[in-house]
Amino acid sequence: MNGKVFIMDHPLIKHKISILRNKHTPTSEFRHLVEEIAMLEAYEAFRDLPLRNEEVETPLETCMTPVIDGKKMAIIPILRAGIGMVNGVHALVPSAKVGHIGLCRDPETHEPHEYYCKLPDLIEERLAVLLDPMLATGGSAVDAVNYIKKAGGKHIKFMCIIAAPEGLEKLTNEHPDVEVYVGNLDRGLNKDAYICPGLGDAGDRIFGTQ
């Protein structure tokens with residue numbers, strides 16, 4: 001595992017993930033918690049955003065004050081569960097553009113298959129923030145990073161709420177340049193490639209489907 005992996009240790013993140021794990025947590029609360037955790041992780045992930053000084057007129061005087069520099073951010077959820085994290089990140093950076101990468105998992109092979117990919121323009125000049133609540137086998141995350149890089153993306157951060165060691169190892173081995181932010185690193189995968197102890201199927205729990 002490389003030095004670009006950040007496992008969150010904030011008590012609020014840990015507490016909220018514990019509520020997510022509970023199978024009795026209702027859909028509305030689950031969805032709200034996913035947004036909150038995404039916002040807390042993003043706060044940590046964006047510590048290194050570049051700044052520049054801009055002249056601002058306050059009610060008292062004019063001053064030079066820092067603002068985020070560079071092209072606006074691209075927030076890219078992996079469909080469908082990644083959508084649940086978008087609002088939390090977007091709340092911190094409302095000017096960010098939003099793209100989507102659609103991947104579905106083959107129930108037999110557990111391999112991802114693309115069915116949709118739409119990225120913001122000038123992706124090569126933007127910070128691409130890739131979102132998926134669960135990093136299980138790592139296949140979807142690796143493929144999504146591949147799509148962004150093929151489109152010209154160079155600076156990529158990946159954010160998830162729960163990761164399995166297997167998926168984290170695969171993603172960091174294949175894309176060692178990507179910064180990875182993890183809410184909690186769980187024990188591992190079961191025979192069906194679900195994270196244990198995990199929290200079940202994040203997409204189903206976010207959208208109330210089975």
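Close-up 1. C160 is in no disulfide. The cysteine sulfur nearest to C160 belongs to C196, 16 Å away. C160 is buried, at 0% relative accessibility. C63 is partly exposed, with a relative accessible area of 27%. Buried means under 20% relative accessible area, exposed over 50%, and partly exposed in between, for a 1.4 Å probe and protein chains only.

Residue numbers start from 1 along each chain as its sequence is written, and side-chain values use heavy atoms, without hydrogens and water. As the model is predicted, local features need pLDDT of at least 70 and side-chain atom pairs count only at pLDDT 80 or more, while totals for chains, interfaces and linings use all residues.

**Close-up 2. The aromatic pair F6 and Y181.** The count comes to one aromatic pair. F6 and Y181 are stacked, 4.8 Å centre to centre, with 15° between the planes. Rings of Phe, Tyr and Trp (its six-membered ring) pair if their centres lie within 6.5 Å; planes under 30 degrees apart count as stacked, over 60 as edge-to-face and the rest as tilted. The pair links distant parts of the chain, 175 residues apart. F6 sits in strand β1 (residues 5-7), and Y181 in strand β11 (residues 179-185). Strands (E, at least two residues) and helices (H or I, at least four) are DSSP runs, numbered from the N terminus. F6 is partly exposed at 33% relative accessibility. Y181 is buried at 5%.

Close-up 3. Strands β2 (residues 51-57) and β3 (residues 62-68) run antiparallel, joined by seven bridges. Two strands pair if DSSP finds at least two bridges between them. E54 has T65 of β3 as its bridge partner.

**Close-up 4. The second largest pocket.** This pocket holds about 320 Å³ of space. Its lining has 17 residues, with I68, D69, G70, K71 and K72 nearest the centre. A pocket is an open set of points on a 1 Å grid over the protein atoms alone, where a 1.4 Å probe fits, with protein on both sides within 12 Å along at least five of seven lines; lining residues have an atom within 4 Å of a point. Grid points are joined across faces, edges and corners, and the volume is the space filled by probe spheres set on them. Eight lining residues are nonpolar, three polar and six charged. Ala, Val, Leu, Ile, Met, Phe, Trp, Tyr, Cys and Pro count as nonpolar, Asp, Glu, Lys and Arg as charged, and the others, Gly among them, as polar.

**Close-up 5. Two cis peptide bonds, L79 to R80 and C196 to P197.** Most peptide bonds are trans. The bond from L79 to R80 is cis, with omega near 5°. R80 lies in the loop between β4 (74-79) and α3 (83-92). C196 and P197 are also joined by a cis bond, with omega about 0°. P197 is in the loop between β13 (195-196) and α6 (202-207).

**Close-up 6. Positive phi at L122 and A193.** Most residues other than glycine have a negative phi. L122 has a positive phi, near 55°. L122 is in the loop between β7 (112-118) and β8 (127-131), and is partly exposed at 34% relative accessibility. The phi of A193 is about 65°. A193 lies in the loop between β12 (188-189) and β13, and is buried at 7%.

Note on methods: A disulfide is a pair of cysteine sulfur atoms within 2.5 Å.
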